[in-house]
There are 2 protein chains.
Amino acid sequence: MKKIMNKAENFVDEMLEGILAAHPKELKITNDDLRCIVSANKTDKKVGIATGGGSGHLPLFLGYVGDGMLDGCSVGGVFQSPSADQMLEVTKAIDSGAGVLYIYGNYGGDILNFDMATEMAEMEDIKVVSVVAGEDVASAPKGEEGKRRGVAGIFYAFKIAGAKADELASLEEVQRVAQKAADNVRTMGVALTPCIVPEVGKPSFTLDETEMEIGMGIHGEPGIRRGALQSADDIVDEMLFPILEDLPYVEGDEVSVLINGLGATPKEEMYIMYRRINQVLNERGITVFKVYIGEFATSMEMAGASISILKLDDELKTLLAKPAHTPFFEQKQL
Amino acid sequence: MKKIMNKAENFVDEMLEGILAAHPKELKITNDDLRCIVSANKTDKKVGIATGGGSGHLPLFLGYVGDGMLDGCSVGGVFQSPSADQMLEVTKAIDSGAGVLYIYGNYGGDILNFDMATEMAEMEDIKVVSVVAGEDVASAPKGEEGKRRGVAGIFYAFKIAGAKADELASLEEVQRVAQKAADNVRTMGVALTPCIVPEVGKPSFTLDETEMEIGMGIHGEPGIRRGALQSADDIVDEMLFPILEDLPYVEGDEVSVLINGLGATPKEEMYIMYRRINQVLNERGITVFKVYIGEFATSMEMAGASISILKLDDELKTLLAKPAHTPFFEQKQL
């Protein structure tokens, strides 16, 4: 287990101490709980936007708390949901009377706890609505979209919702655009190596030195095909074609493309992937408005990458183009 | 060799095609040579700033071409210097009569070729000056600073020089502040795993499953100690203490800290490192103005990280705080 860490049981809290020490102007804790983190600069009157989820996915989830994106995040153990109490703490801290939107990934533990937090918040007269992101086309077939796992595409829901909330839009309007972003994004990933949960100390699955798994989730959930490592172009095609056919994305569409490194994959390889994505989209008459390439939703030291495509309309494009500033994500007006 | 790529011999050019396709508003090639890349938005009259070096280090070197940083970059093969002809092409493309500053790392091949390009540029009546960055304290002892390798700290020279050039300062002034940044930064790194040059197909060195190497360079150059993997705090101390003693950095100093992931190291681990760095700097009465944590100078899929510290004065602080926008680095005014 080759990790730069101290005791495994302190992995998450020491990470959080480091994040808070590095970004004191941007982030703070709500009370004495390191796991309840909010923006140090939330605008008053604005709808609050909260997320939460397991650790081990930086920049997800905490990394998107900041100007133009999220207002707070409850932080779980590695690959574990935070508690409903922690979600409630964050909710109370970021509500200014305009209500709170939860945006989180489609995982059982998170759904259970966010539902409970919603009920608890209502008892404190805070109005809460939710958008559950699930866009991994490898995790359930078309027609069963509600069963799909949420992965890197949730970035788009955060970005779009944050930009709308900054306009002092109503809770319903912020929810509407976040849902629209979530509905118009599709993702598929490929894993080349596993990762190790610090307190477990060994990989949750193995892949041979010449193998890859197409469609694997960011916690190592099974994909749709395991086989010999293919060329970059073939890997891209095997992920991109099902994505494009699913929504579908067709000639004349304008999109944003996100290539997400899972942790150990160099940017060089992601750009080789983008070269092929660009070829395919050009061939199909699909225009690219904005490309994001980097790490957006990782699985610690897992090697591999995912491709997400967001179909844009004028509203989504305008909101995507707005500036944002968080400790992990910076964008000037496009 | 688990890489997402097509043919190894096309690794660099396909990566460049991907970068140009992803960032057409920001980057362009000077002629038909993919390896000669310049900003699409260079301000006229400004001093031109160029860098160059081997591939395999993204965002270094190419990724810092853009607003507020560099104007052009010549791109070599993986871990290979670009040619003097390519450097000259970039130089000619970015000179607007105000002269050109080269900022590059202290490696034999790069020095040879940049020196040759300087002579060739002078024959074309372009004034060229250079700053050679070398700040890895593990690579040569104090007193022999001129022998030190340039690693992630070169980011600061790029950032400072770019901000000064944007003020339409003279070539001598831009060179002066770049040199000042280079003189005031120190770095040390640790490697946990090797990386593989695509056309070689096997690691250039090996590290056991429980080993690390302190002080290793970004091309796998030998470090100062190989041994059992230590705790994060011990690793940080072994790198940070020699850095602090070298310049030295003392009570009352104000600094910027850069933790650079070498490619496969998760941000979680880098923040655990920062937690300890922050403790040590606090204990020593050293104030942190700005923290950068992420990938700045990688070695493809190598696991490990480096720590760089820049000592600031009012001038460096003002220049560091200026905004920048490149395809790989974005900063709003601090």
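Predicted model: local features only at pLDDT ≥ 70, side-chain atom pairs only at ≥ 80, totals over all residues.

Residues are numbered from 1 along each chain as its sequence is written, and chains are lettered from A and ligands numbered from 1 in the order in which they are written.

**Stop 1: the two domains of chain A.** Colour 8-183 as domain 1 and 185-331 as domain 2; these bounds come from an automatic or database domain assignment. Where they meet, 42 residues come from domain 1 of chain A and 42 residues from domain 2 of chain A (contact here is C-beta atoms, placed from the backbone, within 7 Å). On the domain 1 side, pick out α4 (154-166) and α5 (171-183) of chain A, each of which supplies at least two residues. Helices and strands are DSSP runs (H or I, at least four residues, for helices; E, at least two, for strands), numbered from the N terminus. α4(A) gives the most to that side, with 8 residues.

**Stop 2: where the chains meet.** Now show both chains. Their contact takes 46 residues from chain A and 46 residues from chain B. On chain A, select α1 (11-22), α6 (232-246), α7 (267-283), β11 (287-294) and β14 (330-331), the elements that give two or more residues to the side touching chain B. α7(A) gives the most, with 9 residues.

**Stop 3: a covered helix.** Select helix α2 (residues 84-94) of chain A: 9 of its 11 residues are buried (20 or more other C-beta atoms within 10 Å of a residue's own; 12 or fewer is exposed, in between is partly exposed, with C-beta atoms placed from the backbone). Among the buried ones are Met87(A), Leu88(A), Val90(A) and Ile94(A), and so is Glu89(A). What do they pack against? Show β2 (36-39), β3 (48-55), β4 (72-78), β5 (100-105), α3 (108-123) and β6 (128-133) of chain A.

**Stop 4: an enclosed strand.** Hop to chain B and strand β5 (residues 100-105), where 6 of the 6 residues are buried, so the strand is largely enclosed by the rest of the structure. Val100(B), Tyr102(B) and Tyr104(B) lie on one side, with Leu101(B), Ile103(B) and Gly105(B) on the other. Strand β3 (residues 48-55) of chain B pairs with β5(B) in the parallel sense over 3 bridges (pairing takes at least two DSSP bridges), and Gly48(B) stands opposite Val100(B). Strand β6 (residues 128-133) of chain B also runs parallel to β5(B), joined by 6 bridges; there Val100(B) stands opposite Val128(B).

Next, select Ile103(B). Its contacts beyond four places in sequence include Ile49(B), Val131(B), Ala157(B) and Phe158(B).

**Stop 5: Ile214(B).** Finish in strand β8 (residues 211-214) of chain B, where Ile214(B) has its place. Is Ile214(B) buried or exposed? Ile214(B) counts as buried because it has 20 C-beta neighbours inside 10 Å. Leaving aside neighbours within four places in sequence, Ile214(B) is in contact with Val190(B), Gly223(B), Ile224(B), Arg225(B), Glu238(B) and Met239(B).

How values were computed:
Contact = placed C-beta atoms within 7 Å.
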